[in-house]
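Please keep the sequence and the structure in view while reading.

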Amino acid sequence: MSRTPIRAAFGAAVALALLAVAAPAGAATGSTLRPQLEAITAAGMPGVFAQAADGRHRLSAAAGVADVTTGAPTRPGMRHRVGSITKTFTATVLLQLAGEGRLRLDAPLGRYLPAYAVDGVTVRMLLNHTSGIADYDHVIFATDASLEENRHRTFTPAELAAIGLGQPPTNAPGATWNYSNTNYVLAGMILEKITGRTVAHEINRRIIRPLGLRETYLPGTGERIHGPHAAAYIPWYDGVLADFADYNMSWAWAAGEIVSTTGDLNTFYRALLTGRLLRPAQLAQMQTTVPWVPGAPEYGGYGLGLYSNALPCGLVWGHDGLVLGHATISWHSPDGRRQVTVAQNMTHYVAPGQPDPIADATFAMLTAQLCGEQPATTRAAVRPHLADTAFRR
């Protein structure tokens with residue numbers, strides 16, 4: 001198995017992939033899920049698990065192994081580091097604060113964090129990644145050795161923000177979309193400034209406890225995942241799979257710290273999309289997107305911690321996440337009825353631009369579960385999304 005250089009692997013960019021255009025069909029939840037997951041492991045993923053839903057009907061399945069050394073099987077209800085799906089949680093709390101009149105989305109960053117002010121940057125630009133503020137992860141994970149060096153290290157939000165702000169900007173404020181974890185570190189700092197409480201406290205109080213997400217938590221500086229979980233593999237030298245499941249996730253914080261399950265994520269996104277967490281005005285703001293393809297909103301785009309993506313049966317909503325060794329995609333129909341969340345236990349396994357049968361099998365499963373089996377047809381539409389980079393970078 002070839003190994004992807006870490007420096008390249010952490011770059012974030014929207015990828016454009018071709019997707020077949022076909023007539024909408026009913027969701028394929030049911031006996032199809034397990035075979036589709038087995039196709040992902042047959043393509044090379046050690047372990048994968050998912051939950052698909054169609055209304056009240058939910059089906060969970062798994063394939064492959066959670067641990068390549070012991071051969072322990074992957075189980076559907078395992079906990080998993082869900083990476084940037086954390087951004088949807090963080091943005092939801094900030095939008096709740098906006099609905100309470102405690103935050104203005106179009107206020108300048110400096111109103112809430114004077115020491116971190118950047119001319120022209122607003123809170124909204126942080127949440128939809130148009131601020132132009134650069135990322136920090138390629139700095140703290142600049143070398144292969146840095147993965148082990150940072151395993152037990154605690155980063156403060158102020159430290160992460162300073163690193164990102166110390167890099168050249170990616171664009172003028174508001175000019176274009178560029179994904180950056182620094183945006184959500186600053187968003188977390190704003191959340192704490194307004195509420196006087198930690199990000200973890202507010203996400204727990206406002207989302208996790210009210211929704212009964214018993215398997216979801218923010219680990220802080222705790223390195224171990226509580227409860228049953230899979231290893232988190234990155235292909236290393238000489239074909240060895242290095243396990244990064246135990247890790248201090250302070251480097252991701254409000255941008256990517258959360259541990260959850262596929263079932264809890266489906267519960268969260270259904271509650272979000274059906275208005276249980278946000279008032280209509282705030283949900284509308286969250287779903288106001290920057291198009292992936294300029295001038296073509298029908299292909300979807302990035303909103304405020306939530307993105308839309310074009311599938312054959314129409315737009316779906318959600319987010320994906322990738323941290324060291326754990327990848328997750330959570331996509332949902334606009335009404336929250338049809339859902340699928342999938343988790344995998346290996347990342348950074350393919351060089352950018354190279355063939356990736358694991359990603360192909362994953363996207364086939366996602367499309368089939370949300371749209372039904374699609375007939376072969378001309379591949380003519382563009383599908384941009386973060387999940388492509390989560391599997392190809």
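Predicted model: local features only at pLDDT ≥ 70, side-chain atom pairs only at ≥ 80, totals over all residues.

**Links and cores in the model**

Cys313 and Cys371 are joined by a disulfide, with an S to S distance of 1.9 Å. The two residues belong to distant parts of the chain, 58 residues apart: Cys313 is in the loop between β10 (307-311) and β11 (314-323), whereas Cys371 is in helix α14. A disulfide is a covalent bond between the sulfur atoms of two cysteines. The angle about the S-S bond is -60 degrees, and the link of Cys313 and Cys371 is left-handed. A search of the whole structure finds one disulfide. Cys371 has a relative accessibility of 0%, and therefore counts as buried, since buried means under 20% relative accessible area.

Is His348 buried or exposed? Its relative accessibility is 2%, so His348 counts as buried. The side chain of His348 makes a polar contact of 2.6 Å with the side chain of Thr347.

The next topic is charged side chains. Side chains of opposite charge can pair when their charged atoms come close. Twelve salt bridges are found in a search of the whole structure. One of them is formed by the side chains of Arg124 and Asp106, at 2.8 Å from N to O. Arg124 lies in helix α5 (residues 123-127) and Asp106 in the loop between α3 (86-99) and α4 (109-112), so this pair ties together parts that are 18 residues apart in sequence. Asp106 counts as partly exposed because its relative accessibility is 43%.

Which residues does Glu202 pair with? One partner is Arg205, where the closest N and O atoms are 3.2 Å apart. Another is Arg206, whose side chain meets that of Glu202 at 2.6 Å from N to O. Glu202 and Arg205 both lie in helix α10 (residues 199-211), three residues apart, which is about one turn of the helix. Glu202 and Arg206, in this helix as well, are four residues apart, also about one turn.

The accessibility of these residues can be considered in turn. Glu202 has a relative accessible area of 0% and is therefore buried. Arg206 is buried too, because its relative accessible area is 10%. Arg205, at 36% relative accessibility, counts as partly exposed. A network of salt bridges links Glu202, Arg205 and Arg206 with Glu100, Arg102 and Arg197.

The last topic is the nonpolar interior. In soluble globular proteins, nonpolar side chains tend to be buried together. The largest nonpolar core has 105 residues, and the members that touch the most others are Leu37, Ile190 and Trp251. What does Ile190 touch, leaving aside residues up to four places away in sequence? Its contacts are Leu94, Leu103, Leu109, Tyr112, Leu113, Val123 and Leu126. Another core, of six residues, lies apart from the largest one; among its members are Ala66, Met78, Ala230 and Ala343.

Definitions and conventions: Residues numbered from 1 in each chain as written. Heavy atoms only, no water. Core = buried A, V, L, I, M, F, W, Y, C linked by side-chain atoms within 4.5 Å. Buried < 20%, exposed > 50% of the residue type's maximum accessible area, 1.4 Å probe, protein only. Contact = heavy atoms within 4.5 Å. Polar contact = N/O pair within 3.5 Å; in protein donor to acceptor, adjacent residues only side chain to side chain. Salt bridge = Lys/Arg side-chain N within 4 Å of Asp/Glu carboxyl O. Disulfide = S-S within 2.5 Å.
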